Amino acid sequence: MDDTQYPIRRVPRDESARRELLATMPPVWEYLLFGGALVTGLERTEPKWRDYHLGLKTHVGPTIAKSDLAREVSVRMAGGSTIVSNLDKLLSPKAQALAFGPPGVSGDPALIEHIGIRLVEMYEKLLDWVIEFRSIQAPDNTEKLLEIGCSFLDQPIQETRNSIQKFVSDLENAIDSLDSDAEQPRVLSLEITFKLDSEITDSFLRELERVVR
């Protein structure tokens, strides 16, 4: 492959690389820019991911009386669902079309980075949600309830993290694998399927009913 066609084969991981990408705008620069916003954001959130992954309680949260428990956890669960809904909106075909543009038309760099940054911010909010849920102080018979509640967002968290890493890896591998000037990497997309497990929700509601009796 002629290096002059694809002088930049890696997503930008610092400001210098980002500026170079925007100055030269080589083929598929939109996807490299998007990947850069994703991967640098993911790296920034690694300490929170590790805390989440290790099951840590990083601080002592509010004490919730038994009489307030149902209302409090319902509000928190609704907040978690809202975060996932925002992730879906950022990944919608409409948002992607606005940012990347139709075939043959240059994308909008500001909107591409905005979507990438916001995606990682929503992922971080998912991590924060679990960390805050773990911090709840409640009556002694609520341990199982809180344990089930903490797992409510496990799938969206893991799926978002894995999908970002796969997108960046697939993009860089696609550019590296080209062996002729005529080839262009196939268009990649960040696809994430979110599933708020109904079994977890049902188990949580049954346990909540038991606790608040």
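**View 1. Helices around the second largest pocket.** In this predicted model, α6 (109-134) and α7 (143-150) each bring at least two residues to the lining of the second largest pocket. The largest share of that lining comes from α7, which provides four residues. The space inside this pocket comes to about 190 Å³. It is lined by 13 residues, and those closest to its centre are K57, R134, I136, E143 and L146.

**View 2. The largest nonpolar core.** Here we turn to the 57 residues of the largest nonpolar core, where F34, L119, F133 and I157 touch the most other members. Two or more residues come from each of α2 (29-44), α3 (46-54), α4 (66-90), α5 (93-100), α6, α7, α8 (154-177) and α9 (198-212). The biggest contribution is that of α6, with eleven residues.

**View 3. The surroundings of F133.** Which residues is F133 in contact with, leaving aside its neighbours within four places in sequence? They are V73, R76, M77, L146, G149, C150 and F204.

**View 4. Helix α2 and its setting.** From its first C-alpha to its last, α2 reaches 22 Å over 16 residues, close to the 22 Å expected at 1.5 Å a residue. Of those 16 residues, 13 are buried, so α2 is largely enclosed by the rest of the structure.

Methods. Residues are numbered from 1 along each chain as its sequence is written. This is a predicted model: local features need pLDDT of at least 70, side-chain atom pairs count only at pLDDT 80 or more; totals for chains, interfaces and linings use all residues. Side-chain values use heavy atoms; hydrogens and water are left out. On a 1 Å grid over the protein atoms alone, a cavity is a set of points where a 1.4 Å probe fits but cannot get out, and a pocket is an open set with protein on both sides within 12 Å along at least five of seven lines; lining residues have an atom within 4 Å of a point. Grid points are joined across faces, edges and corners, and a volume is the space filled by probe spheres set on the points. A nonpolar core is a set of buried Ala, Val, Leu, Ile, Met, Phe, Trp, Tyr and Cys residues joined through side-chain atoms within 4.5 Å. Buried means under 20% relative accessible area, exposed over 50%, partly exposed in between (1.4 Å probe, protein chains only). Contact means heavy atoms within 4.5 Å. The expected span of a helix is 1.5 Å times one less than its number of residues.
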